[in-house]
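Q: I would like to learn how to read ring pairs and strands in a model. Please take me through them.
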Amino acid sequence: MSIRVPPGIRLFNRIAEFREWRRQLLLDRKTLGYVPTMGALHQGHLLLVQEARQKCDHVALTIFVNPAQFAPTEDLSTYPRTLQDDLEKLAALGSGVASAVLVPSVQEIYPSGIELDVSKQTGTFVEVKGLSHQLEGVTRPHFFRGVATVVSKFLNIVQPEQVFFGQKDAQQCAVISAMIRDLHFPVKMNICPTVREQDGLAMSSRNTYLSAEQRQHALVLSKALNLVAQQYRDGERDASRLIKSATDLIQQETAKVQAANCDWELKLDYFCINAPTDLAPIDGDIRDGAIVSTAVFVGKTRLIDNVLLDVHM
């Protein structure tokens, strides 16, 4: 399938060609903002691009479905790949907003090859200890190893002055921030607020997997988080009581799905309240703010969301 590249956007498939373009920006003393993505762009991605353009002379994106962050049982083969639509969405932002898109091959990003089974992998990988094993790391134990590895590769390739991530992946932001600090990448990290649909559902490329019925029930993620945020604003500080309120609400939604005899299940993966500094679980009172995170299976689709309590990322 041939791709039509909109005017004003440079599409690169080879790292060396992208680097030639990047080198010219350096010679011209132009700054570059970078938005890493796996494609299937939605409004959340586009707002990151716009934020990057406000702060930098040029904006580059990568579109790369990263095998290293998928387990053998996960949705690598079915993850949406919509390059033509992605380019058109970027072009619709206006002339001079998105300058370049790098869409490299798996073979070039992983010269040693990449197996989904971690025990069979060879080559170089990056792991951020202390921030990767909890929350998402429980269900997806090698996820952040894959994320940190590919982001470090792309920061080396793109060499931006600033990089932009969304708060919806709060743990990912913590992992990448630590990696940038520890490996001395000369890049400023920007974390932008979660973008939501009008009904409160956090925007995600995986939302396209949901049926209309599932999408309505998926609103329980944002409802549970909003309930905790409201109780916190009303003075509740005990993390266990806040978690119980939220999980009770999610269990009620699970019961509704069961009562409707749906041919799919709604199942809570986790609902946690963690310290913003080291992501340690908070057992007693919240004293210095918190990150409240949840993951829920809606049918076969696993959705995540979070809310910050007195925390600014």
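Q: How many aromatic pairs does the count come to?
A: Rings of Phe, Tyr and Trp (its six-membered ring) pair if their centres lie within 6.5 Å; planes under 30 degrees apart count as stacked, over 60 as edge-to-face and the rest as tilted. By this rule there are seven aromatic pairs. This is a predicted model, in which local features need pLDDT of at least 70, side-chain atom pairs count only at pLDDT 80 or more, and totals for chains, interfaces and linings use all residues. Residues are numbered from 1 along each chain as its sequence is written, and side-chain values use heavy atoms, with hydrogens and water left out.

Q: How is one pair described?
A: A pair of aromatic rings is described by the distance of the centres and the angle of the planes. For Phe-64 and Phe-154 the centres are 5.8 Å apart and the planes at 75 degrees, so the pair is edge-to-face.

Q: Where in the chain are Phe-64 and Phe-154?
A: Helices (H or I, at least four residues) and strands (E, at least two) are DSSP runs, numbered from the N terminus. Phe-64 is in the loop between strand 3 and helix 3, and Phe-154 is in helix 6 (residues 143-158), 90 residues apart.

Q: Is Phe-64 buried or exposed?
A: Buried means under 20% relative accessible area, exposed over 50%, partly exposed in between (1.4 Å probe, protein chains only). Phe-64 has 4% and is buried; Phe-154, at 3%, also counts as buried.

Q: Why is strand 3 called largely enclosed?
A: Five of the six residues of strand 3 (residues 58-63) are buried, so the rest of the structure largely encloses this strand.
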